[in-house]
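The entries follow in the order I looked things up.

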Amino acid sequence: MNNVVKASLRRKIAFPLFILFLMLCYGAYLQFTFIDLNKTAQREWQGLRASITEREEGTKTLERAVNSFLESHPSADEEEGKKRVALEKSVAEIRDAAAKLAGAQSPSVAADADFNLSQKFAEFFKAVEPFQELRDAFNYRSALEDLASAQTNLTDARGRYNAAVSKINVKITTFPGPFVAPLFRLEPLEYFNATDPEEKERLAKQAAKK
């Protein structure tokens, strides 16, 4: 009789212990998943920052090319002098915008700074249009090629970062994420999306394709 009772007790205890074991295993799996996704997002953020730094260096090279040309080619008349002033101002604004982007400490601030830099480049290309000799210069064209390469790298890095953020944010905001994420002090991460509505839509579509 005692053996029967003991066997019955073991069966009653075994099931809750098995459930507890499964819960612990699932908890460990969630912990590993959250930590791994967070590390991936942080790694992609560092890669994105490296691309931002590369782009800033490219703007410095462009500024040197423009200033070198202007120093070696004095203005011929007052009208050209005004165009030179506009060009000098434009390239200085690019430098300042790139520095602001490099100094951004959060993805959202960096995205806005990157969008502003793109606008400054659009203004610069209008300002440089009258200077055909500059646009044909080797060092200027080389600087543009380096900037184009840096921009491609930044675009790719931005897509990878946003894709990584999307994955962890989905985990955090869907069950059982809202109950588990606080245990690891995890909150949804910021996307690298500018506040401009059209830019946000474009980046969202790009991230969705990843």
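Is R95 buried, exposed or partly exposed? I looked it up: R95 is partly exposed, with a relative accessible area of 34%. My scale calls a residue buried under 20% relative accessible area, exposed over 50%, and partly exposed in between (1.4 Å probe, protein chains only).

**Ground rules.** I am working on a predicted model, where local features need pLDDT of at least 70, side-chain atom pairs count only at pLDDT 80 or more, and totals for chains, interfaces and linings use all residues. Residues are numbered from 1 along each chain as its sequence is written, and side-chain values use heavy atoms, with hydrogens and water left out. I take helices (H or I, at least four residues) and strands (E, at least two) as DSSP runs, numbered from the N terminus.

**Salt bridges.** I counted a side-chain nitrogen of Lys or Arg within 4 Å of a carboxyl oxygen of Asp or Glu. That rule gives nine salt bridges. R95 is in one of them, with E63, at 2.7 Å from N to O. This pair links distant parts of the chain: E63 sits in helix α1 and R95 in helix α2, 32 residues apart. E63 is buried, at 13% relative accessibility.

I then checked E57 and K60. Their side chains form a salt bridge at 3.6 Å, N to O. Both lie in helix α1, three residues apart, about one turn of the helix. E57 is partly exposed at 40%, and K60 is partly exposed at 33%.

R135 bridges to E129, with the closest N and O atoms 3.7 Å apart. E129 is partly exposed, at 48% relative accessibility. I also noted one network: R55, D114 and R158 are joined by salt bridges that share partners.

**Cores.** I searched for buried Ala, Val, Leu, Ile, Met, Phe, Trp, Tyr and Cys residues joined through side-chain atoms within 4.5 Å, which is what I call a nonpolar core. The largest has 34 residues, and V66, L87 and F124 touch the most other members. Helices α1 (2–72), α2 (78–103), α3 (107–127) and α5 (138–173) each give two or more residues to this core. A second, separate core has seven residues, including F34, L37, A181 and L186.

What does F124 contact, leaving aside neighbours within four places in sequence? With contact meaning heavy atoms within 4.5 Å, I found L62, V66, L87, S90, V91, I94 and Y140.

**Helix α2.** It has 26 residues and reaches 38 Å from its first C-alpha to its last, close to the 38 Å expected at 1.5 Å a residue. I computed the expected span as 1.5 Å times one less than the number of residues. Its buried residues include G81, R84, L87, A97 and L101.

**Aromatic rings.** I paired rings of Phe, Tyr and Trp (its six-membered ring) with centres within 6.5 Å; planes under 30 degrees apart are stacked, over 60 edge-to-face, and the rest tilted. The whole structure has five such pairs. F69 and F131 are edge-to-face, 6.5 Å centre to centre, with 85° between the planes. F69 is in helix α1 and F131 in the loop between α3 and α4 (132–136), 62 residues apart. F69 is buried at 10%, and F131 is buried at 6%.

The rings of F124 and Y140 have centres 6.5 Å apart and planes at 40°, so I logged the pair as tilted. F124 is buried at 0%, and Y140 is buried at 3%. Last entry: F121, F124, F125 and Y140 form one aromatic cluster.
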